[in-house]
Amino acid sequence: MKLGTTELLIILAIVIVLFGPSQIPKLTKMFGKSAKSFRDGMNEADAQTDSKSDTTEQG
């Protein structure tokens with residue numbers, strides 16, 4: 001499912017109405033931190049999976 005330009009503009013307008021323009025920078029910063037944390041967790045899980053498969057292949 002793809003979001004078009006119109007849908008994104010509607011979502012942005014709703015966010016601005018709900019939170020106000022002064023809260024947008026705080027929300028984007030929070031979203032960025034959450035995305036980074038999620039990405040780090042995924043990378044850590046991949047690294048653990050790779051290390052487990054390496055040890056099972058050697059044994």
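Ala, Val, Leu, Ile, Met, Phe, Trp, Tyr, Cys and Pro are counted here as nonpolar, Asp, Glu, Lys and Arg as charged, and the others, Gly among them, as polar. On this basis, the lining of the largest pocket in the predicted model divides into six nonpolar residues, one polar residue and no charged residue. The pocket has a volume of about 160 Å³. Both helix 1 and helix 2 give two or more residues to its lining. The lining consists of Leu 12, Val 15, Phe 19, Ile 24, Leu 27, Thr 28 and Phe 31. Helix 2 supplies the largest share, four residues.

One of the lining residues, Ile 24, is found in helix 2. The relative accessible area of Ile 24 is 22%, and this residue is therefore classed as partly exposed, the limit for a buried residue being under 20%. Leu 12 also belongs to the pocket lining. Along the chain, Ile 24 and Leu 12 are twelve residues apart, and a distance of 10.0 Å separates their C-alpha atoms.

With regard to secondary structure, the chain contains two helices and zero strands. Gly 20 follows helix 1 and has a positive phi, near 85°. Helix 2 covers residues 24-58.

A search for charged pairs gave one salt bridge in the structure. The partners are Asp 40 and Lys 36, whose closest N and O atoms are 3.1 Å apart; the cut-off for such a pair is 4 Å. Side chains of opposite charge can pair when their charged atoms come close. Asp 40 and Lys 36 are four residues apart in helix 2, so about one helical turn separates them. In general, an α-helix has 3.6 residues a turn, so residues three or four places apart point the same way. Both partners are partly exposed: Asp 40 has a relative accessible area of 37%, and Lys 36 one of 47%.

Over the whole chain, buried residues account for 2% of the 59 residues.

Key: Residues are numbered from 1 along each chain as its sequence is written. This is a predicted model: local features need pLDDT of at least 70, side-chain atom pairs count only at pLDDT 80 or more; totals for chains, interfaces and linings use all residues. Side-chain values use heavy atoms; hydrogens and water are left out. A salt bridge is a side-chain nitrogen of Lys or Arg within 4 Å of a carboxyl oxygen of Asp or Glu. Buried means under 20% relative accessible area, exposed over 50%, partly exposed in between (1.4 Å probe, protein chains only). On a 1 Å grid over the protein atoms alone, a cavity is a set of points where a 1.4 Å probe fits but cannot get out, and a pocket is an open set with protein on both sides within 12 Å along at least five of seven lines; lining residues have an atom within 4 Å of a point. Grid points are joined across faces, edges and corners, and a volume is the space filled by probe spheres set on the points.
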